[in-house]
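Please guide me through the reading of one protein model, feature by feature.

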Amino acid sequence: MWRPPQKIKWKTHPAEWPTIEQAARSRLFSPVQLGPVRLATRTWVPAMVPWRATEDGFVTEDNIAWYARFASGRPGAIVLEATGIRDIPSGPLLRIGHDRFVPGLKRIVEAVREASHGETKLFIQIIDFLGIRRRPEPRKFIERHLGITDRHRAALSLPADAPDDAVRSALLALEPAQLDDVLDARELEGLRMGARERVTDMHLPHIRELPQVLPPLFASAARRAREAGFDGVELHYAHAYTIASFLSALNDRSDGYGGSRDARVRLPLEVYRDVRGAVGADYAVGCRFLSDECIPGGSTVDDARFYGVEFARAGMDFLSVSRGGKFEDAQQPEIGWSAYPYTGPSGYECMPHHVSDERGPFGRNFEPTARIRAAIRDAGLPAAVVVTGGVHGFSQAEELLATDRGDIVGFARTSLADPDWFLKVRSGQGRAVEVCSYSNYCEALDEKHKEVTCSLWDRIDLDTPGLRLSTDGKRRLLPPAWRAPGGDEESPAKRPASTAS
């Protein structure tokens, strides 16, 4: 993953932890309304893919145990990992593109309700993504995947009637740097990064038809989410994926779905309207989108302010704000691996490391989110805004709420480091929190599609009988259970926390 050249090392500073009385009076642990859904607290676990599904997208026992473990810490809400809306092969990623996936998803809903004593609300993030290929062996790319044209013959000074095999042989004889003069930008990308579809590939029929295809797919997925018992859906409009690419300032489609802001937001709004029609007004619907793409020529916070107002005006109940995480500046993958959109400078903005620049890794998304929220409130709209980005201390979270930079606070890596963060802080046991080191150990596992764990707990008590381990046999898949000392029967600290292991 890319790192800032300054290489300044930062340490977490959670400051003072509250007493149980202070936590009870806090804004963080006060309720908030998201349209028809009321959260008991303003604490939120954003979607994180733990790579525990089957290869064909079904829920496993490890998925169920994972979400039950997070729910035992009783955050206000958990967002289930990005779940694919198409019924197509997509590796060990959960899917919701067919009714056959609903029974497994129901089991996760039931486990979360049981582990949280009904307190934690569960949303599901639904996603669409376009095709991407692994970076190929150069010889294989030239021999099998490259489409030979007259342009290649001319660049190689070959006769116009030279057979394709002769052109491929000539290309294979070139030094890697010489290919720059023969292959175009997309061909070089296919060779050096792996071919990737874009929403602007209008020569491809399935890309042209996305505005007609996606709204009903998202709507059907949302209907299944409601059937499975989720409290709401989060539409994935962020990072490197299909809908985010329509929102991007790089989207220059000429069919009314690209170019201007109004045109770029058109499909995301049409998706939302179909989803709302499928689930009804009494069901929570929101989205995850970007405050800034953080790439040259990409959308900025001014675009995000416009989008946020449009989403809220359309009727979304909540908006969760992220940043960066784009393919355009991703680092070159190893041969045999796909490009990963969190490896370049924009990916750093999404998941900053403790080795950083003068701004540091904590709070890079706070002010952009505040500007988006202010625009929504100035328009007189009530949508709740989730602020995220390196939050690890109670005082930090409380200040975000007190200064109107968000209505709900998201804790991603913080909750991965310690799923009991909420329970501990709320019960006056903040000193027991395991604070994330922001080493991005988890991000490195995610990049390789390995089961995501945290270095703070994944090597503890590996000899525990019946412990479920990662496929490499070296890591536990769940953090140990935490039992708070003292407290009465009604205290959050006293209620049992389920490990579901």
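The dialogue below takes up the nonpolar cores, the helix packing, and several individual residues of this predicted model.

Q: Which residues have the most contacts inside the largest nonpolar core?
A: One looks at buried nonpolar residues that are joined through their side-chain atoms. Here the largest such core has 98 residues, and those with the most contacts inside it are Phe230, Leu235, Tyr237, Phe289 and Phe311. Phe289 touches, beyond residues up to four places away in sequence, Tyr237, Ala238, Ala304, Tyr307, Gly308, Phe311, Leu319, Ser320, Val321, Ser322 and Ile372. Another core, of 13 residues, lies apart from the largest one and includes Leu39, Phe123, Ala284 and Ala384.

Q: Which residues of H12 and H13 meet?
A: Pro268, Leu269 and Tyr272 of H12 meet Glu310, Phe311 and Ala314 of H13. By class, this contact has five nonpolar residues, no polar residues and one charged residue. Phe311 also belongs to the residues with the most contacts inside the largest core.

Q: What are the angle and the axis distance for H9 and H12?
A: Helix H9 (residues 210–228) packs on H12 at an angle of about 35°, and their axes are 8 Å apart. The crossing of H9 and H12 is right-handed. On the H9 side, the contact is made by Pro211, Leu214, Pro215, Pro216, Phe218, Ala219, Ala222, Arg223 and Arg226; on the H12 side, by Leu267, Glu270, Val271, Asp274, Val275, Ala278 and Val279. By class, these residues are twelve nonpolar, no polar and four charged.

Q: Which residues of helix H16 are buried, and what covers them?
A: A residue counts as buried under 20% relative accessible area. In H16 (residues 394–402), the buried residues are Phe394, Gln396, Ala397, Glu398, Leu400 and Leu401. Their cover includes helix H15 (366–378), strand S11 (384–387), strand S12 (408–410) and helix H18 (421–426). Just after H16, Asp404 takes a positive phi of about 60°.

Q: How far apart are Arg134 and Trp337 in sequence and in space?
A: Separation along the chain and separation in space are read side by side. Arg134 and Trp337 are 203 residues apart in sequence, yet 4.8 Å apart in space, C-alpha to C-alpha. Arg134 lies in the loop between strand S6 (121–127) and helix H4 (138–145), and is exposed, with a relative accessible area of 53%. Beyond its neighbours within four places in sequence, Arg134 is in contact with Gly194, Gly336, Trp337 and Ser338.

Terms used
Residues numbered from 1 in each chain as written. Predicted model: local features only at pLDDT ≥ 70, side-chain atom pairs only at ≥ 80, totals over all residues. Heavy atoms only, no water. Core = buried A, V, L, I, M, F, W, Y, C linked by side-chain atoms within 4.5 Å. Buried < 20%, exposed > 50% of the residue type's maximum accessible area, 1.4 Å probe, protein only. Contact = heavy atoms within 4.5 Å. Helix = DSSP H or I, 4+ residues; strand = E, 2+ residues; numbered from the N terminus. Nonpolar A, V, L, I, M, F, W, Y, C, P; charged D, E, K, R; others polar. Axes fitted to C-alpha atoms, helices over the stretch in contact; angles between N-to-C directions. Left-handed = near helix turned anticlockwise from the far one by under 90°.
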